[in-house]
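Try each task before reading its solution.

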Amino acid sequence: MSSTTSIRTGLSADDIKQAFRDNLICGMGRLEATATKHDLYVALALTVRDRVFQRSVKSMESYGGADARRVAYLSAEFLLGPHLANNLLNLGITEAAREAMRGLGYDLDEILVQEEEPGLGNGGLGRLAACYMDSLASVEVPALGYGIRYEFGIFDQAIRDGWQCEITDKWLRHGNPWEIARSEINFEVKFGGRTEHFTDEQGGLRVRWTPETVVKGVAYDTPIAGYRVATCNTLRLWKAEAVESFDFAAFNQSDYDRAVEDKVASETITKVLYPNDEAHRGKVLRLQQQFFFSSCSLQDMLRIHALLGGTPATFHEKWAVQLNDTHPAVAVAELMRLLVDEHALGWDEAWAVSRATFAYTNHTLLPEALEKWTVDLFGTLLPRHLEIVFEINRRFLDEVRAAFPGDDARLARLSLIDESGPRYVRMANLASVGSHTINGVAQLHSELLKQTVLRDFAELWPDKFCNVTNGVTPRRFVAVSNPGLTQLITARIGDGWLKDPRQLRQLEPFADNAEFQQQWRDVKLANKRRFAALIAERTGITVAPESLFDVLVKRIHEYKRQHLQVLHILSLYLRLKRDPQADVPARTFIFGGKAAPGYFLAKRIIKLITATGDLVNNDPAVRDRLKVVFFPDFNVTNANFIYPAANLSEQISTAGKEASGTGNMKFSLNGALTIGTLDGANVEIREEVGAENFFLFGLTAAEVAEVKARGHRPRDHYEQNAALREVIDIIASGALAGGDTELFRPIVENLLDHDPFLLFADYQAYIEAQACVSALWADQRAWTRQSILNTARMGKFSSDRSIRDYCESVWKVQPAAIATA
């Protein structure tokens with residue numbers, strides 16, 4: 001019989017089986033005979049969690065005794081995806097768990113689908129953070145992730161009458177077996193009030209902040225296990241609570257609402273992911289969220305640092321803090337407050353510590369996406385921090401004046417305060433000034449960053465800038481989501497590629513092997529059949545798995561140009577209507593992605609896609625040749641079906657607008673060919689896979705800038721290109737809207753009068769590139785060869801490589817392997 005220790009931590013099928021039953025019966029109080037599928041999931045999750053937390057505790061113990069620098073990854077989003085399958089893989093016990101469940105009469109796959117996905121991110125930013133947490137553990141780097149435990153995550157998306165509907169994401173309604181509440185780890189976070197300047201007993205100038213409100217941040221820990229290593233790091237998410245959750249005095253006076261008023265107000269801070277910030281109250285709440293998690297995280301790091309014998313003056317020697325975009329940028333001012341006001345360091349010493357601690361990742365080239373807060377809002381909510389920002393800015397602008405005397409325009413651009421109209425605090429400028437390193441997330445993005453939105457900073461501090469190209473974990477996005485492909489690859493080259501994806505290059509000799517090509521096609525077809533069944537279940541649309549699956553899934557945004565694909569679909573539709581014998585191979589166009597609730601045009605683009613689908617799918621003349629699907633609620637769980645099934649990956653954003661993209665990497669890893677512009681990481685993907693294995697079209701970033709500079713005239717393209725004119729006219733005519741010419745007028749007029757993302761300029765090149773796609777698809781041997789080479793040459797785009805780059809170029813951190821038991 002297994003020992004108690006092995007039942008809780010053993011990795012054999014027998015140990016897992018016994019632990020599962022113990023958790024179901026003793027831990028949950030369930031009868032096996034009446035247990036629901038969700039009960040079975042929780043019992044297995046708790047069983048796996050025991051094994052993960054054993055490694056977590058050992059990692060914490062090891063880090064405590066080591067003289068190692070630790071990474072803190074601050075991100076407002078962590079789009080983790082389901083935990084169970086990923087943890088089974090990383091522990092190396094997927095098959096043992098399958099055998100254990102089979103022995104009890106259960107199907108592991110049926111249990112896996114019961115997991116509720118934590119919707120703690122909007123898209124690429126949060127998914128990147130999740131990949132990096134996986135890789136930090138797998139590369140054995142001591143790390144803590146810090147974020148917010150949103151009660152309600154990114155909305156669930158439904159499509160009703162062709163429109164996006166937002167549904168509350170109640171991901172915690174059944175609890176979360178992967179997290180442990182650390183009620184003993186809590187910190188007070190202050191808001192509002194006033195500051196008082198005074199002289200202390202030593203004659204030093206000090207500041208006392210008397211807040212209007214105080215909330216408490218409580219830690220919730222989720223273990224993040226590395227792949228086949230003993231390292232297990234922690235993701236620590238903060239929940240807001242009231243300092244006193246119940247006012248007995250108010251209750252005793254029968255004022256029941258006031259008795260819980262503080263509790264309700266405090267918990268609002270972490271209630272929902274990224275509130276709609278169009279209204280003033282939404283802006284207040286968003287800034288509260290950003291400061292709340294930044295403050296809790298820094299206080300926690302200082303606590304850990306003190307426990308390990310450190311002093312505030314040596315904080316930077318033990319902590320490398322990465323700001324994932326500008327959401328945690330207020331941490332720069334908060335660390336200064338903590339060091340100066342709470343720990344009595346002098347300003348110069350505190351600033352040296354702070355700048356040596358932080359590094360900043362920029363994720364956008366869109367000036368309007370760089371966060372800024374009105375000085376009034378910032379000062380009302382964070383009065384002490386506004387004083388600190390002003391002081392940082394005063395000293396910084398003195399440095400700028402010394403470097404560029406007499407250049408007042410440069411001073412105005414670099415200032416942390418935008419004074420061109422109503423005054424704003426520029427968070428990207430604060431992050432740039434307060435960090436020792438600034439990185440972009442693809443080679444092109446990093447270069448454009450230095451030429452555009454952060455040009456003045458690059459001219460002031462050229463050595464501060466570097467590039468770390470994004471990456472994705474092949475464990476989740478191939479091994480977990482595409483087991484058929486994983487087995488095929490592993491059968492040929494072994495499983496070392498999951499640890500070192502550069503080994504995928506060993507597939508290249510098989511690219512022309514007829515037997516391997518057929519196996520490759522069989523795996524892809526099986527994945528397409530699996531996805532086709534899900535499409536039918538979720539949308540009612542029947543698609544042919546043998547057709548070319550042409551996929552565009554990502555956040556809905558004008559610059560990502562989902563509507564350019566719609567123009568292509570309508571051009572094919574009109575061509576087939578004119579000539580039913582036209583050489584147009586069967587294609588299934590699959591869209592997915594969420595539009596921000598307040599983004600009018602993005603939501604109208606979704607309606608345009610579904611209306612195009614209604615037209616095409618219901619026309620007997622073309623419906624066997626073309627199908628259009630909008631697959632609702634794109635998230636990590638659904639991505640497990642989408643990426644493995646894709647034949648063609650649409651990466652068609654306007655050149656110079658996408659920072660990197662990671663969906664492009666996931667598609668290519670799974671053998672999809674890419675049609676795309678030279679934007680973001682597309683540039684590097686094309687370099688790696690070979691130009692001949694990539695369908696390139698469109699203006700370059702430099703050409704886009706040139707067109708904009710001389711004045712883009714979209715109506716000229718409309719008038720000179722008959723095919724484009726025909727497509728736009730059918731949309732304008734109301735043919736997609738039951739004769740309603742108003743429904744899509746905003747899209748049509750936006751394109752004809754402005755076309756800010758140059759769809760018309762790139763239209764003809766896109767149509768010609770799509771013709772090349774169709775031609776290659778007709779030669780399945782040639783298509784399969786290119787598909788294999790895409791996968792084989794994607795090793796560079798592993799998030800493990802990205803983390804190693806950060807360790808070397810940014811954090812100066814060394815891996816610290818944890819000894820196995």
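This is a predicted model: local features need pLDDT of at least 70, side-chain atom pairs count only at pLDDT 80 or more; totals for chains, interfaces and linings use all residues.

Residues are numbered from 1 along each chain as its sequence is written, and side-chain values use heavy atoms, with hydrogens and water left out.

**Exercise 1. Cavities**

Task: Find the largest cavity and describe its lining by class.

Solution: 
- Step 1. On a 1 Å grid over the protein atoms alone, a cavity is a set of points where a 1.4 Å probe fits but cannot get out; lining residues have an atom within 4 Å of a point. Points are joined across faces, edges and corners, and a volume is the space filled by probe spheres set on them.
- Step 2. Count. Six cavities of 30 Å³ or more are present.
- Step 3. Take the largest. Its volume is about 130 Å³.
- Step 4. Read the lining. Among its residues are His-83, Asn-87, Arg-127, Asp-134, Ile-224 and Arg-476. At least two lining residues come from each of α4 (84-91), α7 (124-138) and β8 (213-225). Such helices (H or I, at least four residues) and strands (E, at least two) are DSSP runs, numbered from the N terminus.
- Step 5. Sort by class. Ala, Val, Leu, Ile, Met, Phe, Trp, Tyr, Cys and Pro are nonpolar; Asp, Glu, Lys and Arg are charged; the others, Gly among them, are polar. The lining has five nonpolar, four polar and three charged residues.

**Exercise 2. Phe-152**

Task: Where is Phe-152 placed, and why does Phe-152 count as buried, partly exposed or exposed?

Solution: 
- Step 1. Phe-152 sits in the loop between β2 (143-148) and β3 (156-160).
- Step 2. Apply the cut-offs: buried is under 20% relative accessible area, exposed over 50%, partly exposed in between (1.4 Å probe, protein chains only). Phe-152 has 22% relative accessibility, so Phe-152 counts as partly exposed.
- Step 3. List contacts (heavy atoms within 4.5 Å). Beyond neighbours within four places in sequence, Phe-152 touches residues including Asp-169, Trp-171 and Val-272.

**Exercise 3. A helix pair**

Task: At what angle do α24 and α31 pack?

Solution: 
- Step 1. Helix α24 (residues 562-578) packs on helix α31 (residues 722-732) at about 100°, with axes 9 Å apart. Axes are lines fitted to C-alpha atoms over the stretch in contact, and angles run from 0 to 180 degrees between N-to-C directions.
- Step 2. Therefore α24 is roughly perpendicular (65 to 115 degrees) to α31.
- Step 3. The contact has eight nonpolar, one polar and two charged residues.

Notes: On a 1 Å grid over the protein atoms alone, a cavity is a set of points where a 1.4 Å probe fits but cannot get out, and a pocket is an open set with protein on both sides within 12 Å along at least five of seven lines; lining residues have an atom within 4 Å of a point. Angles under 35 degrees count as roughly parallel, over 145 as roughly antiparallel, 65 to 115 as roughly perpendicular and the rest as oblique.
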